[in-house]
Amino acid sequence: ASDGDKKRLLELLLGLDKFDRALTSCRRELTAAKQNLQGSEALMVSCKQLVEAEDRNFSQIKGSLATMQDAEQEDPESVHIRIGECTEKIEACRKSVDALEKEDRKHRDERNGLTQGLARLVAQKDQAKKNYESVQSGQCAACDGEIPADKLETLQKEAENTSGAAQEAAKSAHEAMSKIDERLEEIRAEQGGSQNNLRSLAATKARLETLQAESQKYEKTRENLQKSVELAQNAIKKRTAELGAAREGYVAAKESVQLLHYVESVLGLKGVRAHILGNALDGIEDATNAWLSRITSRPMSLSLSSTDKGALTLEVKGAGGDHGYKGASGGERRRIDIALLLALADMASGANGREPGTLWLDEVLDAIDDEGVGLLASALQEVASRRQVVLVTHSETLAHAVGQFAAQHMNLTGND
């Protein structure tokens with residue numbers, strides 16, 4: 001057999017083919033674990049980016065809230081009170097304007113009445129003047145007749161009294177009208193001041209209402225920002241938890257990959273199987289040499305070793321003029337084969353953890369010379385003490401030697 005075939009046979013006998021199946025399964029799991037690791041790493045990176053984005057969003061919201069809180073803002077309650085006070089002042093100002101207008105109308109009505117009365121007084125004065133002039137002429141203004149002398153003086157006095165009374169009344173009317181005009185001027189001045197005050201109060205109220213609307217908008221914005229801060233904090237907690245879970249998954253996946261790499265190296269050619277094979281080679285070598293010492297008369301030894309390329313080499317000393325197995329004679333080769341076969345049989349039973357099974361030797365020993373038959377029969381007797389041996393041979397010498405201790409002997413001919 002080639003060196004590679006020798007090794008494969010030995011691995012099968014040792015059950016090392018299980019390592020091949022385990023290694024194949026391990027590599028499938030390793031491929032899946034690497035893919036899982038890549039997915040876990042991508043998930044971790046994605047979660048980290050989401051956490052960073054939530055952090056930036058949180059910082060922006062906190063900055064906006066801090067800017068709003070640092071800005072000077074009117075107290076909403078204070079603004080509300082000031083609007084109320086301004087409304088009361090506007091109402092009072094309007095009442096004052098209404099009162100001034102009412103007083104203005106009253107004084108104008110009074111002045112109109114005085115004007116009309118003054119016109120009547122002027123007419124009375126003019127009539128009294130005509131009457132006085134008529135009396136002075138002694139002729140009646142109504143009938144153009146001569147006025148009696150006894151009535152002339154009385155009429156003159158009446159005319160003078162009427163003219164004086166009309167003149168006094170007109171003077172009083174003028175004085176009253178002057179006072180009314182002065183009051184009207186004052187009312188117009190007060191009305192102008194009240195109107196100006198009313199416009200100023202209306203402007204102040206409008207400004208305060210705008211300020212109130214801005215304050216309410218500010219308060220609403222601030223409440224929304226505070227809610228956004230809470231939402232951002234919750235989002236950060238959620239994303240951080242997801243990142244933690246992703247990191248745990250990544251660490252677990254990485255550990256799984258590392259473990260499977262280790263298992264792969266253990267199951268590989270240079271792992272445990274190499275150690276097992278090395279120990280087995282030492283055991284087979286010792287057992288083969290022990291059997292060789294039993295079934296050969298001249299000293300021979302066998303050494304087994306595994307190469308770096310995974311092959312198995314076999315070297316024999318003491319046979320074929322020290323040219324090894326290829327230079328050995330047929331009998332020497334047969335003894336080496338039998339010693340190696342018996343060693344492998346013992347090793348195969350131990351490797352599989354079972355009781356030794358039946359050892360079948362079908363014409364394997366027929367090429368042994370007469371000298372080796374006795375030695376080989378003694379060796380088979382020892383093997384038969386531990387396990388059942390079935391020997392098929394055409395050598396009567398070997399059959400006779402083994403028949404002395406065989407439990408059963410069958411002699412078959414061509415007709416049987």
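Helices here are DSSP runs of H or I with at least four residues, and strands are runs of E with at least two, both numbered from the N terminus. The model is predicted: local features need pLDDT of at least 70, side-chain atom pairs count only at pLDDT 80 or more, and totals for chains, interfaces and linings use all residues. Residues are numbered from 1 along each chain as its sequence is written, and side-chain values use heavy atoms, with hydrogens and water left out.

**Exercise 1.** Find where Glu242 and Arg239 lie, and describe how they pair.

*Solution.* Start with the location: both Glu242 and Arg239 belong to helix H4, three residues apart, about one turn of the helix. Next, apply the salt-bridge rule, which asks for a side-chain nitrogen of Lys or Arg within 4 Å of a carboxyl oxygen of Asp or Glu. The closest N and O atoms of Glu242 and Arg239 are 3.1 Å apart, and the two form a salt bridge. Finally, check accessibility, where buried means under 20% relative accessible area, exposed over 50%, and partly exposed in between (1.4 Å probe, protein chains only). Glu242 has 28% and is partly exposed; Arg239, with 23%, is partly exposed too.

**Exercise 2.** Which parts of the chain does the pair of Arg183 and Glu103 link?

*Solution.* Begin with the atoms: Arg183 and Glu103 form a salt bridge, their closest N and O atoms being 2.7 Å apart. This pair links distant parts of the chain, with Arg183 in helix H4 (residues 149-267) and Glu103 in helix H3 (residues 76-137), 80 residues apart. Glu103 is partly exposed because its relative accessibility is 23%. Now widen the view: a network of salt bridges links Glu103, Arg183, Glu186 and Glu190. By the rule used here, the count comes to eleven salt bridges.

**Exercise 3.** Is Ser215 buried or exposed?

*Solution.* Locate Ser215 in helix H4. Its relative accessible area is 5%, so Ser215 is buried. Then list its contacts (heavy atoms within 4.5 Å). Leaving aside neighbours within four places in sequence, Ser215 touches Glu74 and Pro76.
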